[in-house]
Amino acid sequence: MKSSIFSTVRAYLYDVYLRFRSIWGSLLTALPYLWGAGELRKEVTEQYPDPISSRTADDLPARSRGLLFNDIQRCTGCKECEKICPVQCIRVDTEAGSDPTKLWVARFDIDFSKCVFCGLCVESCHPQSLMHSRQYEGAVYELKDLVASFGRGYVTAEQRMKWAALRKQAESDEVYL
Ligand code: SF4
Ligand code: SF4
């Protein structure tokens, strides 16, 4: 009986010893960082963005894929990008515009919260209006702010009538040429 109590106390004290040894070991690793003691124990956390050491857009490789940009004046509204996107994060709405050779792109939204930056949309864009920019920082506070809109807006009834008349005029001019 006496020996069993003795062995229990001994096991308990050994446990306490192990815990203290573990804490002391951690302190020996961490404390030198507190005072920056030694060449290898300097502060390693970088301020972000660090004006001196952080990378800029100019440091990116030539073929890097940054956030997408659509030059909406060149975009024809063909919707090839929307069709090819594997995650359906592009939404394009078009209407007939004043220019009979291309559509009016009322809405062109890209949801960067879904985009996987595969680049398929850029490759499928024949007018080359869609491109990867060199911008790679897109942090926002709310998910909805990750939707980038490049569209020209929905046309009014007045614009629609005016453009229909212009297209009709252009068609009849072609017939008489
Ligand atoms: S890069 Fe890929 S995932 Fe992103 S919008 Fe283009 S096709 Fe879709
Ligand atoms: S593929 Fe290019 S031109 Fe066609 S809708 Fe997309 S961005 Fe516009």
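Of the contacts in the chain with a separation of 6 or more, 69% join residues 24 or more positions apart, a contact being a pair of residues whose C-beta atoms, placed from the backbone, lie within 7 Å. The structure is a predicted model, in which local features need pLDDT of at least 70, side-chain atom pairs count only at pLDDT 80 or more, and totals for chains, interfaces and linings use all residues. Residues are numbered from 1 along each chain as its sequence is written, while chains are lettered from A and ligands numbered from 1 in the order in which they are written.

The chain comprises domain 1 (2-41) and domain 2 (65-176), with bounds from an automatic or database domain assignment. The centres of the two domains, taken over C-alpha atoms, are separated by 64 Å. Along the principal axes, the C-alpha atoms fill a box of roughly 115 × 45 × 30 Å.

The secondary structure consists of 4 helices and 5 strands, arranged along the sequence as α-β-α-β-β-α-β-β-α. These elements are DSSP runs (helices H or I, at least four residues; strands E, at least two), numbered from the N terminus.

Buried residues account for 10% of the 177 residues, a residue being buried if 20 or more other C-beta atoms, placed from the backbone, lie within 10 Å of its own. The largest nonpolar core contains 14 residues, and Cys-81, Ile-90, Val-105, Cys-121 and Leu-130 have the most contacts inside it. Strands E2 (90-96) and E3 (103-111) are the elements that give two or more residues to this core, and E3 gives the most, with 4 residues. Such a core is a set of buried Ala, Val, Leu, Ile, Met, Phe, Trp, Tyr and Cys residues joined through C-beta atoms within 7 Å. Beyond four places in sequence, Ile-90 touches Cys-81, Glu-82, Cys-85, Ile-110 and Cys-121.

Ligand 1 is surrounded by 14 residues, the closest being Cys-85, Cys-115, Cys-118, Leu-120 and Cys-121; a residue is near a molecule if its C-beta atom, placed from the backbone, lies within 6 Å of it. This shell has 13 nonpolar, 1 polar and no charged residues. Ala, Val, Leu, Ile, Met, Phe, Trp, Tyr, Cys and Pro count as nonpolar, Asp, Glu, Lys and Arg as charged, and the others, Gly among them, as polar. Around ligand 2 there are 14 residues, with Cys-75, Cys-78, Cys-81, Cys-125 and Leu-130 the closest. The shell of ligand 2 divides into 7 nonpolar, 5 polar and 2 charged residues.

How values were computed. Buried ≥ 20, exposed ≤ 12 C-beta atoms within 10 Å, placed from the backbone. Contact = placed C-beta atoms within 7 Å.
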